[in-house]
Amino acid sequence: MKLLLINPNTTAAMTANIAEAARAAASPGTEVLAVQPSFGPASIEGFFDEAIAAAGVAEQMRLAGDRIDAAVIACFGDPGLDAAREATRAPVLGIAEAAFHIASMISTGFSVVTTMTRTCVIAEHLLHKYGFERRCRGVHGTDIPVLALEDGGLGSMAQIEDCARQALARDRSGAIVLGCAGMAGLCAALQQKLGVPVIDGVAAAVQLAQALHGLGLKTSAVGDYAPPLPKAYTGWAAPLGW
Ligand code: 5HY
């Protein structure tokens, strides 16, 4: 299967690291096509960054069309997820939504450990949007800038581990969800250190995308995720029109 992996920020080193984690999680026969928008923020750490990143996701989905079997949006805010599901019938997964589903199947309650504290609200909004607010017992920021994880994040391991330990104790949770695609490479080592399930959304989304493809399921074209209605777009967005 052809799996489109979109890193919604524009940092090539992060796209490469996220692609490596996705390929490590993918089954034989899954081809991971890693892309990033042609415009937008180097990292996504707030609502404004996210608004532009969502347009970048729309750009890449528009370019891919139906030439893919599934897509993964590899940013923990799931920017542009609903728009992406209108743009193709191929299943589209956000790494936050995927991680919440997986964590809820292996623990009665989980905690999220993310980057900047100011982005915690974005994760909290998604928990409510997806209906996981009763399963998540806390969202915790480490105040590690996203681009500090650009090299894979080894330098931030101790800080993330410390935050996760405090979260597990304070929240009485049984699992940790990593709140940034840039943390994907740290998952196995953190799970070893913490002794609880640690969920990386990139791997979770890749595996769930394969499962949906294996079930022969596509995004419904009826109702809310029906393709956008034909209309002209102007300015730099003109090529994205329908
Ligand atoms: C991410 N930002 O996964 C999010 C993390 C965050 O550029 N890639 C980003 O802080 O929301």
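Q: Leaving aside neighbours within four places in sequence, which residues is Q60 in contact with?
A: This is a predicted model, so local features need pLDDT of at least 70 and side-chain atom pairs count only at pLDDT 80 or more, while totals for chains, interfaces and linings use all residues. Residues are numbered from 1 along each chain as its sequence is written, and side-chain values use heavy atoms, with hydrogens and water left out. Q60 lies in helix α2 (residues 47-64), where helices (H or I, at least four residues) and strands (E, at least two) are DSSP runs numbered from the N terminus. With contact meaning heavy atoms within 4.5 Å, the partners of Q60 beyond those neighbours are L4, I6, V35, Q36, P37 and S38.

Q: Is Q60 buried or exposed?
A: The scale is relative accessible area: buried is under 20%, exposed is over 50%, and partly exposed is in between (1.4 Å probe, protein chains only). Q60 has a value of 11%, so Q60 is buried.

Q: What arc around the axis do the buried residues of α1 cover?
A: Helix α1 (residues 12-25) buries M14, T15, I18, A19, A21, A22 and A25. An α-helix has 3.6 residues a turn, so residues three or four places apart point the same way.

Q: Which elements do the buried residues of α1 pack against?
A: The other side of α1 carries the exposed A12, E20 and A24. The buried residues, in turn, pack against β1 (2-6), β2 (31-35) and α8 (201-214).

Q: Which elements do the buried residues of α7 pack against?
A: In helix α7 (residues 187-194), the buried residues are C187, L190 and L194. They sit on the same side of α7, since they cover an arc of only 65° around the axis. The face turned away from that side holds the exposed A188 and Q192. The packing partners of the buried residues are α6 (157-171), β7 (175-179) and β8 (198-200).

Q: Which residues touch the most other members of the largest nonpolar core?
A: A nonpolar core is a set of buried Ala, Val, Leu, Ile, Met, Phe, Trp, Tyr and Cys residues joined through side-chain atoms within 4.5 Å. The largest one has 75 residues, and those touching the most other members are L5, M61, F100, F110 and I176.

Q: How much area do domain 1 and domain 2 bury between them?
A: The protein is divided into domain 1 (2-95 + 204-240) and domain 2 (96-201), with bounds from an automatic or database domain assignment. Their contact takes 27 residues from domain 1 and 33 residues from domain 2. Buried area is the accessible area (1.4 Å probe) that two parts lose on being put together, summed over both. Carbon and sulfur atoms hold 66% of the total, which is about 2200 Å².

Q: Leaving aside neighbours within four places in sequence, which residues is T117 in contact with?
A: T117 lies in the loop between β5 (110-114) and α5 (120-130). This residue is partly exposed, with a relative accessible area of 40%. Beyond those neighbours, T117 is in contact with G141 and D143.

Definitions and conventions:
The arc is that of the directions from the helix axis to the C-beta atoms.
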